Number of protein chains: 2
Amino acid sequence: MSSGASAGHVAAPTGSSSGGEVAANDAPQSIFNFVSVATVQTPFRDRRGTPRQGSVAPLSRGTVVFHPHIVSPAALDNLQQFSHAWVLFVFHENTNARGLEGKKGAGRPTTFRAKISPPRLGGPKVGVFSTRSPHRPNPIGLTMVRILGVQGHHLHVSGLDLVDGTPVLDVKPVVPYDVPDGLAVPEWVLEGDKERRRVTWSRAAQLALHALFERRGARASRFYDNPQALSEAAAQVLAQDIRGVHQGRGSASDGGGCGGAAYECVFDGLRLLFVHADGAVIVQDVVVA
Amino acid sequence: MSSGASAGHVAAPTGSSSGGEVAANDAPQSIFNFVSVATVQTPFRDRRGTPRQGSVAPLSRGTVVFHPHIVSPAALDNLQQFSHAWVLFVFHENTNARGLEGKKGAGRPTTFRAKISPPRLGGPKVGVFSTRSPHRPNPIGLTMVRILGVQGHHLHVSGLDLVDGTPVLDVKPVVPYDVPDGLAVPEWVLEGDKERRRVTWSRAAQLALHALFERRGARASRFYDNPQALSEAAAQVLAQDIRGVHQGRGSASDGGGCGGAAYECVFDGLRLLFVHADGAVIVQDVVVA
């Protein structure tokens, strides 16, 4: 649907000190205030180790927890009749704070970069609006989740590729007219999808994980009932080569035959220690984070 | 991708005068400020006559005009390599202003209704988050367009179902992982799609449209080169039965055999006068709006 009176918006000055260059039919920008309606709970504590998209880690579970003082459970009625939902969220951990906090910078041009280097392109720059980069004029993200169920003001989902604690602006059902007719994208968008790696768990890591579940019971995991379910979900995440490019992401040698560097990431409250060897990922140990 | 330092966000008080009912792990809501980066130009002057989704009116053309003082053309580079884009926009004509304007209501619960009656359900209410209704806690909309081309800071598109002048928060390319695997929606979501009507132009209306193009030349239309292209696009819009329910939308009789009521809508600066008769729509005259 479409636009339909003023919703918390304040017309802003053009803010250009040189001024006067705005064409007659170009409306000046406006400032809009939005409030978070929910916060997500996910297994991902840091940006590192968070999938770049949820569809590559469909076993990654999460919960959208609506703020009970502003959203009543009735607002979630019928949502479980849909298989999928869009989550509109705020990239709250962006490192390029925009200077729009409070009224301080209201109306001033933002300082985003017009062109960025997507990780999967490995060098060349493209226009920021041709990417899903978090570093954009308004740090709003869009991600699709599969709906598992609704309980009170909790929306349980899978495939949620967000850092634990991410603020949510909106949830919308996915509907048939969201599916494009004749979708085409440039080749570079597909590049990153090729770098999936095989993930195996060492015997020591398997034993450590089982021991954790035996010792801690339901406290072992917020999202998974048993070691198998957790390790399969974690494997989907590690298959994406979560190392930074400076750490060797995309390199064929994986640090050579001398054992390779050890890496770690936190998944669902557990610290996973792993190495890359022969193009595969080996989880070597698991400890409580 | 996922969350990545604080982007213009201000932690807000919970704002509940009764207070103290927020569970320990429920983060309080935060207020975020966003700025419009563009404004759309479309043939749709009013909410009435604007398609409820762009895919039913693929011939409806539009332009996303980025604000030149905050977005350089380089930010749009590469966007033309994609077939489709998401437009995140503000429902700026909502009739339920949210009281969040300026700091006045910052941190106070919003006054949206938890349940609403979708037009296509014709009575029963559903939870607002299970709808794409504009009347939601944050009046942010999401719509998909087909990319026709980029010229400077103009993004030319088709299938844009927004009122002329709608502010835009973001544009993102549609990528393969936006396509859901095994999409399912409840039956009531599909109901509205059945009510497409045949649209015909009276001889008088055709002559009037041609005369307008001959008299006004390029000023006849912002989006269409000739009368044929404009009338086909307008027909896609009128096929959706844009009358309000109180005006007879969905009624079989169309006001009976006594001629029926006349309606009008503005499309691309032209006032279209039409009637419903025998389940079809007949455009009777066209005048400059």
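Guide: Let's begin with a word we will need: two residues are in contact when heavy atoms of theirs lie within 4.5 Å. What you see is a predicted model, in which local features need pLDDT of at least 70, side-chain atom pairs count only at pLDDT 80 or more, and totals for chains, interfaces and linings use all residues. Residues are numbered from 1 along each chain as its sequence is written, chains are lettered from A and ligands numbered from 1 in the order in which they are written, and side-chain values use heavy atoms, with hydrogens and water left out.

Our part is His84(B), which sits in strand 5 of chain B. Helices (H or I, at least four residues) and strands (E, at least two) are DSSP runs, numbered from the N terminus. His84(B) counts as buried because its relative accessibility is 4%; buried is under 20% relative accessible area, exposed over 50%, and partly exposed in between, using a 1.4 Å probe and protein chains only.

Who touches it? Setting aside residues up to four places away in sequence, His84(B) meets Pro180(A), Asp181(A), Gly182(A) and Leu183(A) from chain A, and Met144(B), Val145(B), Arg146(B), Ile147(B), Pro173(B) and Val174(B) from chain B.

Two of these neighbours deserve a second look. The side chains of His84(B) and Arg146(B) are joined by a polar contact of 3.5 Å, and a polar side-chain atom of His84(B) lies 3.5 Å from the backbone oxygen of Asp181(A). A polar contact is a pair of N or O atoms within 3.5 Å; within protein, one must be able to donate a hydrogen and the other to accept it, and residues adjacent in sequence count only if both atoms are side-chain atoms.

The strand that holds His84(B) also leads us to a nonpolar core, a set of buried Ala, Val, Leu, Ile, Met, Phe, Trp, Tyr and Cys residues joined through side-chain atoms within 4.5 Å. The largest such core has 33 residues, and Phe129(A), Phe66(B) and Val171(B) touch the most other members. Elements giving two or more residues to this core include helix 1 (187-191) of chain A and strand 8 (140-151) of chain B. Strand 5 of chain B gives the most, with three residues.

Finally, Phe129(A): apart from neighbours within four places in sequence, its contacts include Phe66(B), Val71(B), Val171(B) and Pro173(B).
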